[in-house]
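Here is my note on the model you sent.

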Protein chains: 2
Amino acid sequence: MGAGAMGEIKHLVTVKFKEGVVVEDIVKGMEKLVSEFDLVKSFEWGQDSEGPEMLTQGFTHSFSMTFDKKEDYAEFQSHPNHVEYSATFSAAIEKIVVLCFPSVCVKPSA
Amino acid sequence: MGAGAMGEIKHLVTVKFKEGVVVEDIVKGMEKLVSEFDLVKSFEWGQDSEGPEMLTQGFTHSFSMTFDKKEDYAEFQSHPNHVEYSATFSAAIEKIVVLCFPSVCVKPSA
């Protein structure tokens, strides 16, 4: 198997929300935000509710967005709508890891 | 926008490798492992080499695999080839976050 095809830019956010936060509202806000931008090529998320602390390190949610190119990601990041949403999001989280990278697709989705 | 379509099982591993580790070898091993299992529906990975420490928390690599269902993930996890590879992988990492969840696809890839 070769080095794989270099794909899109992936923006991956892993978080633990603060206690009492209504995650559903946060997700709805993100869905609304994403729906406003054609620049965001795909968006998926999930909640790990079973993983042992040893593996999850307390993180519970993952959000993944893809962009065609770095410039699109930068444009999205600096847009006022994103900046506004980020303030709400930041207030809701206890800890966060953000990675952004060109995705290497070794085995593509069918 | 609705709740999104409930998709496959996503196995998401975020790591920081120990200094001196040859990441290329680790990735090659993972590619080989994945190629042996039809159960693994997709596999992609990436390296964030630019993100500020404040965002990455020192994590550098992300690996993402998808499975059709939880049982497939469990079968992969417990297979001797995976167990063997895991020992190598574990020895190479300084820290890790592992999440596994049913992925909610809000905006599918084109």
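1. Terms first. Helices (H or I, at least four residues) and strands (E, at least two) are DSSP runs, numbered from the N terminus. This is a predicted model: local features need pLDDT of at least 70, side-chain atom pairs count only at pLDDT 80 or more, and totals for chains, interfaces and linings use all residues. Residues are numbered from 1 along each chain as its sequence is written, chains are lettered from A and ligands numbered from 1 in the order in which they are written, and side-chain values use heavy atoms, with hydrogens and water left out.

2. Chain A. It has 4 helices and 4 strands. From the N terminus on, their order is β-α-β-α-β-α-α-β. Along the principal axes, the C-alpha atoms of chain A fill a box of roughly 45 × 40 × 20 Å.

3. The term means a side-chain nitrogen of Lys or Arg within 4 Å of a carboxyl oxygen of Asp or Glu. Over all chains, the structure holds 14 salt bridges.

4. Symmetry. A rotation of 180 degrees, with 0.0 Å of shift along its axis, superposes chain B on chain A (RMSD 0.0 Å). The two copies are thus related as by a two-fold rotation axis. In chain B, the C-alpha nearest the axis belongs to Thr14(B), 4.6 Å from it.

5. Interface extent. Contact (heavy atoms within 4.5 Å) links 42 residues of chain B with 42 residues of chain A. Of the interface residues of chain B, 100% are also interface residues in chain A, so the copies meet through the same surface.

6. Buried area. This is the accessible area (1.4 Å probe) that two parts lose on being put together, summed over both. Chain B and chain A bury about 3400 Å² between them, with 54% of it on carbon and sulfur atoms. Glu44(B), Leu99(B) and Lys107(B) supply 18% of the area that chain B buries against chain A, more than any other three residues.

7. Charged pairs. How many salt bridges are there between chain B and chain A? The count is 4. In one salt bridge, the side chains of Glu50(B) and Lys70(A) meet at 2.8 Å, N to O.

8. Strand pairing. Strands pair if DSSP finds at least two bridges between them. Strand S2 (residues 40–47) of chain A is joined to S4(B) by 3 bridges, and the two run antiparallel. Trp45(A) stands opposite Val104(B) in S4(B).

Note on methods: Least-squares fit on C-alpha atoms with pLDDT ≥ 70 in both.
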